[in-house]
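Thanks for coming, everyone. Please bring up the chain on your screens, and we'll walk through it together.

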Amino acid sequence: MTRIRLPYIHAFIDRHGQTRYYVRRAGQTRVALKGVPGSEEFMSAYHGALADLRPSEIGAKRTKPGTINAAVVAYYASTGFTADFAASTRAMRRAILERFRVEHGDKRVATLHRDHVLRLLDKMKPSAQRNWLKTLRGLMRFAVAQRLRPDDPTLGIELKRPPRTGGHLTWGATEIAMYRDAHQLGTVARVALELMLNVAARRGDACQLGRQHITKDGRLSWHPNKTRRSTRQAVTVRMLPELKAALDAMSPSVSLTFLTNDYGKPFASAAAFGNKFADWCRRAGIEGIIGDDQQRRNFRAHGLRKAACVRLAEAGCTAPEIMAVSGHRTLAQVQIYIEEANRKRMAEAAMDKLSETETETTSGKPSDPNWQTGS
């Protein structure tokens, strides 16, 4: 801890001579951190505490009862918010609620009607609509449970499904080869690709993984962040030779993470890592393409996660096997990759049969069993 400084970390020695660590920010209650600094337990507790920092709640006692402000403050402290969501989900929903408070914080929570919600969502893009509706629905359900209002104004609101765009581009062999050519072994950029391609990790998990997550038998083991605390299970994956080679080529580092920024420190957030990875992709000459919806898409970190899942599916892995590696929570999420792999296999099989038929025809052999030669 003397060489690696993390924001808001404080330490003190208790009466037994033990060093205790905790997260503290001005105006907020400190949060004790368990485990040895740098360990998975310690870093998981640290990032969870960061997600719960509430800078805008200083002076919460001055909020008027019954207002949106008061409801949001109380919701932040509820187990429905602190225990049910992963750190990344809490951070996303907190950002939405803070924007909501800026415009409507002084209004009465009981006077929010369905029409107000619909007008608010109507101004947004489909992806933003889904996140806002989920967030407001959570707040309103809490308000109903606390008898701050009689009903849930978001109940029954259905959003139109946005047109299918394919999402992030899935990396293929060509893009992976281009990236490897541009970023040689011994660089953080190369470790980033091999890490995500090996373990199918989300960018938020990838930028937090470090040598403390390597088990005694040489596997990577960690708890994915984007799952509920109560149901979070460890993901343990054997490292492939490509990842081992990339890690072995790196110079020794004091960082707690494999992936570091230009200053040799852990990335401050998943978004910061995503921006840096985008720079590495551009340097590799991996440009975006225009999709059917005329939107330009680029090869980015999440596309590597998709590529890893597709590779597992093409290798014949079942849905539960893919889930054990990727940390997906439902079979429906990984079934997409299996269907994609099956389509490729069926297309190859179909073309093989067609080739065999054409070969028989051009070689003079009958393809119709009822065909007979004349005398």
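I'll start with the ground rules, then cover salt bridges, a strand pair and cysteines.

This is a predicted model: local features need pLDDT of at least 70, side-chain atom pairs count only at pLDDT 80 or more, and totals for chains, interfaces and linings use all residues. Residues are numbered from 1 along each chain as its sequence is written, and side-chain values use heavy atoms, without hydrogens or water.

Salt bridges. How many does the structure hold? Seven. The term means a side-chain nitrogen of Lys or Arg within 4 Å of a carboxyl oxygen of Asp or Glu.

Take Glu98 and Arg101, which meet at 3.1 Å, N to O. Both lie in helix H4, residues 87–104, three residues apart. Helices here are DSSP runs of H or I, at least four residues; strands are runs of E, at least two; both are numbered from the N terminus. Glu98 and Arg101 are both buried. Buried means under 20% relative accessible area, exposed over 50%, partly exposed in between, with a 1.4 Å probe and protein chains only.

Next, Asp217 and Arg219 meet at 3.0 Å, N to O. Asp217 is exposed, at 51%. Arg219 is partly exposed, at 29%.

Arg219 also has a bridge partner in strand S5: Arg238. Four bridges join S4 (residues 219–222) to S5, antiparallel. Strands pair if DSSP finds at least two bridges between them. On S5, Val235 and Val237 form the covered face, Thr236 and Arg238 the uncovered one.

Last, disulfides, meaning cysteine sulfur pairs within 2.5 Å. There are zero. Cys309 is buried, at 0%.
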